[in-house]
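The sequence and structure come first.

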Amino acid sequence: MSGSRVPRLLLPLALTAVLAAAGCGTTPDASPEAPAAGPSPAAAAPPASGAATAEAVTVPKTLTFSGTTLSGAKFDAGSMAGKPAILWFWAPWCATCASEAQSLSDIHDEYAGRLGILGIASLGSAAEMDDFVADFELAEIPHLNDKAGKLWKRFGIVQQSWYVMLDRTGKVAYKGYLDDLQLTEKVKELTA
């Protein structure tokens, strides 16, 4: 029996290896009201298209938030770490937002897997937000219901139809309004 026992000194190493292989995360749950003081420990990013395994990616402070999508699913913004991302702040009654919907859908299709896009809706009811997404065929893009405006406040958004564009490291590369042509150019720069 003594041959099958693991020496006491090796137990911590064996336990660490088992937990690491099981994907045991140590990333604290950061809320929009209290973002982490700095980048969180490495978290596994989703695998790129065709990739067998994912490399560990550090989740930057800008992506240490989570929320509930319009469909009721939990969404962790850390899943967008490691690639450029667009946070689109919109309202369901906003004519400018409606005019941008097709461009965002096109960008989502063209840059799938290379660019994260997250809609953050506020200033309307859940039913109005759902109708907006359905009317403009934006269901392929995740959208958070931020009715209380916590994420809008966190990112300093003061009006609808604003973008926060993050580079691969999570650094804010742009914040503000963009028309369709400007949006397309910024996306090209961001993904170059």
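## A charged pair in helix H5

Lys188 and Glu185 both belong to helix H5 (residues 180-191), where they sit three residues apart, about one turn of the helix. The model is predicted, and in it the side chains of Lys188 and Glu185 form a salt bridge with an N to O distance of 3.8 Å. Side chains of opposite charge can pair when their charged atoms come close. With a cut-off of 4 Å between a side-chain nitrogen of Lys or Arg and a carboxyl oxygen of Asp or Glu, the count comes to one salt bridge.

How accessible are Lys188 and Glu185? Lys188 has a relative accessibility of 43% and therefore counts as partly exposed. Glu185 also counts as partly exposed, because its relative accessibility is 38%.

## Overall fold

The protein chain contains five helices and nine strands. Their order along the sequence is α-β-β-β-β-β-α-β-α-β-α-β-β-α. Of the 192 residues in the protein chain, 39% are buried.

## Strand E8 and its partners

Strand E8 (residues 162-166) pairs with strand E9 (residues 172-176) in the antiparallel sense, over four bridges. Within this pairing, Tyr163 is opposite Gly176 in E9. Strand E5 (residues 85-90) also pairs with E8 in the antiparallel sense, here over five bridges. Leu87 has Val164 in E8 as its bridge partner.

Why is E8 described as largely enclosed by the rest of the structure? Five of the five residues of E8 are buried, so the description applies to this strand. In a regular strand the side chains alternate between the two faces of the sheet. In E8, Trp162, Val164 and Leu166 point one way, Tyr163 and Met165 point the other way, and all are buried.

## The turn between E8 and E9

The hairpin of E8 and E9 has five residues between the strands, and Gly170 in this hairpin takes a positive phi near 95 degrees. Thr169 also lies in the loop between E8 and E9.

Is Thr169 buried or exposed? Thr169 is exposed, because its relative accessible area is 58%, and the cut-off for exposed is over 50%. Thr169 and Lys61 are 108 residues apart along the chain, while their C-alpha atoms are separated by 9.9 Å.

## Ile117 in strand E6

Ile117 is part of strand E6 (residues 116-121). With a relative accessible area of 5%, Ile117 is buried, since buried means under 20%. From Ile117 to Leu104 the separation is 13 residues in sequence and 8.3 Å in space, taken C-alpha to C-alpha.

## A negative patch on the surface

Which residues gather in a patch of negative charge on the surface? The patch consists of Asp106, Asp109, Glu110 and Glu140. Glu140 is located in the loop between helix H3 (126-135) and strand E7 (143-145). Because its relative accessibility is 61%, Glu140 counts as exposed.

Note on methods:
Residues are numbered from 1 along each chain as its sequence is written. This is a predicted model: local features need pLDDT of at least 70, side-chain atom pairs count only at pLDDT 80 or more; totals for chains, interfaces and linings use all residues. Side-chain values use heavy atoms; hydrogens and water are left out. Patches are made of residues with over 30% relative accessible area and no salt bridge: like charges are joined within 9 Å, nonpolar side chains (Val, Leu, Ile, Met, Phe, Trp, Tyr) within 5 Å. Accessible areas come from the Shrake-Rupley method with a 1.4 Å probe; for residues, only the protein chains shown count as cover. Lys and Arg count as positive and Asp and Glu as negative; His and the chain ends are not counted. The place of a charge is taken as NZ of Lys, CZ of Arg, CG of Asp or CD of Glu. Helices (H or I, at least four residues) and strands (E, at least two) are DSSP runs, numbered from the N terminus. Buried means under 20% relative accessible area, exposed over 50%, partly exposed in between (1.4 Å probe, protein chains only). Two strands pair if DSSP finds at least two bridges between them.
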